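Grab a pencil and try each exercise before you read its solution. Each one starts with a task, and the solution then goes step by step.

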Amino acid sequence: MGRMNLNKLRALREQKRRELGLGEGGNNTIYVVVGMGTSGIAAGARETFATLNSELEFHELTNVILKQTGSLGLDHAEPPVEVRVPGMPSIIYGKVDAVVASKIVRKHILERTLVNAHVFDQRAVDIVQGAQLSGTEAR
Amino acid sequence: MAFQRYILVCGGAGCHDNASEGVFRGFIHEIEAKELQSTVQVVKAGCFGFCEKGPVVKILPDEKIYVGVGVDDIRELVSEHVVGGRFVTRLLYDESESKQHVRVDDLDFY
């Protein structure tokens, strides 16, 4: 590949994004991220990931990207799963075993309702920002 | 059709001891009384880390945390925040209460 000007590079980026379903036409993409740090894996994150994978396949949900990541810092609520559905607030679930994982797919992704008793949300954004700005801890 | 707002009521051990179960049921009752159950979901959540200030209630997507919420505050929170879109400032978490930690760089001594 020879030299490429900026416009060609932008066009190539948009083409690749579309191929990945992340471009402007890919706004319906749902992300499900499993926190798979060592403590998450010890608490059964592999089983959670496998259940999510099989549930997504069972319901033929092709617009969902299932990913694994490192620890989300919720060691008291392992394994954690973050779900980002367009039009809904980003939610982190904690203590997600196989039963809760299938509930997340059926209730949160298909019915757009939150799964009761497993929401382990982070502190509010304004408090975190305020803490960073003033150099203090929020609690 | 997704809900427009979510009311997260902390169900952690600390808030549970501070009668958050009654607050959770109270919110469900108030939402049903105002016939908002198709637009607002009340959810019991895990610990937010503000156990000292419990019961803690977080309203999404506005990202507002209300602390020390009692059963008597439910009607005001629903009518003001959920219906009216106005925050109930007397119950909002106050950042100024947190302890100030001064960095070494900020000390005049050095």
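**Exercise 1. Find the place of B:Glu30 and decide whether B:Glu30 is buried or exposed.**

Step 1: look along helix 2 of chain B, residues 20-33, and you'll find B:Glu30 there. Helices here are DSSP runs of H or I with at least four residues, strands are runs of E with at least two, and both are numbered from the N terminus.

Step 2: check the accessibility. B:Glu30 counts as buried because its relative accessibility is 8%. The cut-offs are under 20% relative accessible area for buried, over 50% for exposed, and partly exposed in between (1.4 Å probe, protein chains only).

Step 3: list the partners. Skipping neighbours within four places in sequence, B:Glu30 is in contact with B:Ile74, B:Arg75 and B:Val78. Contact means heavy atoms within 4.5 Å.

Before you go on, a word on the model: it is predicted, so local features need pLDDT of at least 70 and side-chain atom pairs count only at pLDDT 80 or more, while totals for chains, interfaces and linings use all residues. Residues are numbered from 1 along each chain as its sequence is written, chains are lettered from A and ligands numbered from 1 in the order in which they are written, and side-chain values use heavy atoms, with hydrogens and water left out.

**Exercise 2. Describe how helix 3 of chain A and helix 4 of chain A pack.**

Step 1: take the geometry. Helix 3 (residues 45-58) and helix 4 (residues 98-110) of chain A pack at about 35°, and their axes are 8 Å apart. Those axes are lines fitted to C-alpha atoms over the stretch in contact, and angles run from 0 to 180 degrees between N-to-C directions.

Step 2: name the residues that meet. Helix 3 of chain A brings A:Glu47, A:Thr48, A:Thr51, A:Leu52, A:Glu55 and A:Leu56, while helix 4 of chain A brings A:Ala98, A:Ala101, A:Ser102, A:Val105, A:Arg106 and A:Ile109.

Step 3: sort them by class. This contact has six nonpolar, three polar and three charged residues. Ala, Val, Leu, Ile, Met, Phe, Trp, Tyr, Cys and Pro count as nonpolar, Asp, Glu, Lys and Arg as charged, and the others, Gly among them, as polar.

**Exercise 3. Which residues have the most contacts inside the largest nonpolar core?**

Step 1: know the term. A nonpolar core is a set of buried Ala, Val, Leu, Ile, Met, Phe, Trp, Tyr and Cys residues joined through side-chain atoms within 4.5 Å.

Step 2: the largest core has 40 residues, and A:Val32, A:Tyr93, A:Leu114 and B:Leu8 have the most contacts inside it.

Step 3: see which elements contribute. Among those that supply at least two residues each are strand 1 (30-35) of chain A and strand 1 (5-10) of chain B. Helix 4 of chain A gives the largest share, five residues.

Step 4: zoom in on A:Val32. Its contacts beyond four places in sequence include A:Leu52, A:Val64, A:Val81 and A:Ile109.

**Exercise 4. What is the phi of B:Glu35, and is B:Glu35 buried or exposed?**

Step 1: B:Glu35 has a positive phi of about 55° and is not a glycine.

Step 2: B:Glu35 lies in the loop between helix 2 and strand 2 of chain B.

Step 3: B:Glu35 counts as exposed, because its relative accessibility is 66%.
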